[in-house]
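Me: Could we go through this model together, beginning with the sulfur links and then turning to the packing?

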Amino acid sequence: MNPSLTVLFILFPFFVSAIMEQTCPNEDTSPCTCTKYSDGDVRVDCSSASSAAAISSALTKDSWPSIQLWEFVIEDNVEVAELPEGIFGDLSFQRIFMRNTAVKKIHPTAILPFKRLLTYLAIIDSRLENFPFHILHEFRHLRELRLFNNLLTFVPTFKSESLEILRLNSNKITNLAFDGLVTPKLTWLDLHDNWLTSFPISKSDSLELLGVGGNNITSVKFDGWATPNLKKLYLHNNFLTSVLAFRSESLEILSLDNNKITSVDFDGWATPNLTRLDLDNNLLTFVPAFKSGSLEILHLDDNKIRGVEFDGWVTPKLKELHVYNNLLTSFPAIKSESLEILNLHNNNITSMEFDGWATPRLREFSIAKNPLSRLPSEIIKGMKNLEKFFSSECNLGPTLSRGVLEFKSNALKLVTLWGNNISKLDEEPITGLGPNTEVQLTNNEIVVLFEGIFHPMLDILSKGDGVLYLDGLGPNTEVQLTNNEIIVLSEGIFHPMLDILSKGDGVLYLDVCGKKESQIQLSAGGNASEIGEWPWQAAIYDIKKEDVICGGALIREEWVLTAAHCVVVVGTLRPRKTEEVFVHLGKYYRSYNKTDEHVQIRKVSRIILHKDFNLYSNYDSDIALLKLTRPAVLTARVQLVCLPSRFDLSEAILDSGVTGWVAGWGYDGSDELAAVLTEVQLPVISNRKCVWDTLNFTRDPGVTRTLTSNMFCAGFSADTPFEDFRTVCSGDSGSPMVFLSNSSRDSDWAMEGIVSHFFQKGICSKRRPGQYGIFTKVNRFTQWINTGRFLVFFLCQLTVKGENLRGKTYRQLDGVNASIIYPLLEVFVNSTVICANFCLRITGCRAFSLDMNGEADNFACRLAGANSQVGTPGGGVVSELYYECGVVPEGYVFAAMTGGKVHFLKVSSDARSYADALAACEVEGGRLVMDNGGQAWHDHIKHYIASDFWIGADDRDMDYIYTWLDGTTLSVPFWCPQQPDFYDYGGGGSERCVYMRSTWGECWNDALCSQSRPSLCPPYPHAPLPLCPPYPPAPLIP
């Protein structure tokens, strides 16, 4: 044997090991950064590079100890326009990820050296115009190619033996020569939102998902198709007018919604595994008999359907049938052993045939917004598993007759009867309610509330979490006697009302809002207003600067509503000192000294910030209350603005295109501060359009991450001529956006928004159409506003009013069976009655307040159990607080109070997959805990499991947007460093589920949904928090 060969054989394993080990260089690699993770993978991030040459300089150095690395990344970069030849030197990567870049071109030889290593290539949200598809056959291990949201116009034929996922959506592709492709393993092809006019595919043995929605396709010929494994076909948002016979042994989901289809011929269809068919938002007028042994969900909503041929239907597995927003005038008897949801909302149905009706599994039944001549009582009796029944706006009044609704389901959760012009109820009109049923009878005209009618219902509902919503006078009723001329407030008249209202959150309004004494003809906006035109406008002045810092709105004589960021110490979340700000009412001129006898100047006694206000990340909950030291005097120049009292009407106002008015003293188009109160009229822009237009304007998806459901956008879109452009600017913050509409009960001027912030920095003169102002949505905070203003009349007093409790202990009452509960709330306020707002209204339970600082007149409210100890400031002194019954459900270990609700959370130490954790929480009656309650809620939940645990957020629809279980996006950034990364494990899947990572400081991380972790669930029960019952106080003992 040759000795030299022997040496080579011995050393070769070590040589391979050195190549496979990934290591970062010790030298500086600027502008790129090299990070080695705990699993040994190395990531090179060149997002800070100013050019391709700068990247090449960093990556072609001799100092790189490893040449085969895990991932190359460029994100949020507008400088690098191409990847030229040789940019990576000798380095090669397993993954390339580029997002939100200016890259237009990739030279083939730039990535060709990776052909034996590359498994994943993503260039998304960029400006890519060409891609070297012709070299893909060289990449033997490339499984995913993601090129969506670029500027590609054509995809040539190419070959790839390994490619499994190809995403080309949101480009400008007009043609794709699919029949010439050789991609034997391709399972997912996404081409939605392109410019295709014809169908791109007819043959593929491997394809399982094809998305071509949002194109310009006018017809599809299914003859000759050969896609034996296709499971999901998305053809929505095209221009199809008909659908020919379709045959597929494998297809499970077919989406044809949002086309122009006028007819569907089901004869000849052969889809034995089809489970979902979407035909909503088309032009169908009739639905013929349909036979399918597999179909589970059928959407026919938003068409012009006048008839459905149920005779001959054979759908033994159909669970959901949606036919809402059509033109049906009647509905025949339907028989289905499988149907669970039937939605007939908003048709013209006057009668329903009940002979032969049989739907034993039906859980949700909606006939709302139909002109019914009578309720289908017999049909409802037969629904033994009904959970939700919707019959609002059906014109069922004036009398709801005896026995009209006789429910026979033990699972009933919701009955809606609002908006039916009901003025009278006979005895026992609704029977069969359960202890947890919610009954909605609001927006009717019930004038007499007889005990004999409602007492039986309330007896049942009071045994659980059931609720009866009425417009009649009750403890939570809002009574408005505004716009009258009441000059004598007799105790004998008002005391009985106040006795009732004080037992709940009831309010008695006697003032006027949303009125102008002189209605002035409004201009197009962007001009100086007339004196007195906006009488609720408040000017908030900085005392030292003697200048306006923000606007605000007078909502009650002692209260001004503004933006939270206006009244905090710069760079912090601490409110400013009250003596630093003054409020001017009836003000017109900006100048502090330019005033007249109509201007009212008030000091501020309290500043209340919303607890979820987040200055550092996204300006969420940007709202604050200022309490004035003296009430304002209402005059022609000083009036109150209305708050939205109907959420649904308020949301309708904030539909895209509705215009409102903003007045303020901010900067004008010349970048000068306005000398007088200036007004501007702006249209509301839907949040979806706002995000899209901002992305088109900035090319930066990170800019819009601050937008939450607590905000809306307003301004002029990009197609507005510049001479017609108007906007709010810096200095207008805190000012109200008002609408003349019916969202307030007086149909006067209502405040729907507060000027909050802007997506882009810059002076006013540089703003252009398509740049919008962001407003706090007031209707999301009306409950908080009413709580903060203490408009309710309290009968429940503090146990000890004004007495210092240091060193004293509440005596435990006889028969108390209290459970230990973690102290779950501290609310410091300058009031002697605030604690009443946070008592649990449960029979036999009470909460007490502890005077924490007598000098500042501040109180802290706590709920606590037997033997729980609460320390007081000053050190060492302990007080014990008790309530009469244990309200913590068995097995639940933690409670917290947010948003006016009490949440009890249960720790599940069993490690489960994300899907199994969801299912386990559902068994408990809830869902995985969501970390979407702001910093305070995050701080609460992160400590209750020592290890990592699942939270309720995922991207299982794989659109690269993480959403909570309630459908909202993750807006508060508690992500761990460099997360989320959607890391892909090749055949093992990619990271799409979110967990709390305790080892990195209680932050969010994404992971494979199949991994096992403990969980925190569910937030149960959601107990409302009306005022505490008027029990006598417990005695004090020294």
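**Disulfides and packing**

Reply: Cysteine 550 and cysteine 566 form a disulfide (a pair of cysteine sulfur atoms within 2.5 Å), with their sulfur atoms 2.0 Å apart. This is a predicted model, in which local features need pLDDT of at least 70 and side-chain atom pairs count only at pLDDT 80 or more, while totals for chains, interfaces and linings use all residues. Residues are numbered from 1 along each chain as its sequence is written, and side-chain values use heavy atoms, with hydrogens and water left out.

Me: Which hand does the link of cysteine 550 and cysteine 566 have?

Reply: The link is left-handed, with -80° about the S-S bond.

Me: And where do the two cysteines sit?

Reply: Cysteine 550 is in strand E39 (residues 547-556), and cysteine 566 is in the loop between strands E40 (559-562) and E41 (581-585), 16 residues apart. Strands (E, at least two residues) and helices (H or I, at least four) are DSSP runs numbered from the N terminus.

Me: Is cysteine 550 buried or exposed?

Reply: Cysteine 550 is buried, at 4% relative accessibility, and cysteine 566 is buried as well, at 7%. Buried means under 20% relative accessible area, exposed over 50%, and partly exposed in between (1.4 Å probe, protein chains only).

Me: How many disulfides does the whole structure hold?

Reply: The search finds 8. One of them joins cysteine 976 and cysteine 1003, with sulfur atoms 1.9 Å apart.

Me: Why is the disulfide of cysteine 976 and cysteine 1003 called right-handed?

Reply: Because the torsion about its S-S bond is about 100°.

Me: Changing topic: which residues touch the most other members of the largest nonpolar core?

Reply: They are Leu233, Leu277 and Phe365, in a core of 127 residues. A nonpolar core is a set of buried Ala, Val, Leu, Ile, Met, Phe, Trp, Tyr and Cys residues joined through side-chain atoms within 4.5 Å. Domain 1 (27-196) and domain 2 (328-489) both give residues to this core, so it lies between them; the domain bounds come from an automatic or database assignment.

Me: What is leucine 277 in contact with?

Reply: Leaving aside neighbours within four places in sequence, its contacts (heavy atoms within 4.5 Å) include Leu254, Phe266, Trp269 and Phe290.

Me: Finally, which way do the side chains of strand E46 point?

Reply: In E46 (residues 711-714), Met711 and Cys713 point one way and Phe712 and Ala714 the other, and all are buried. In a regular strand the side chains alternate between the two faces of the sheet.
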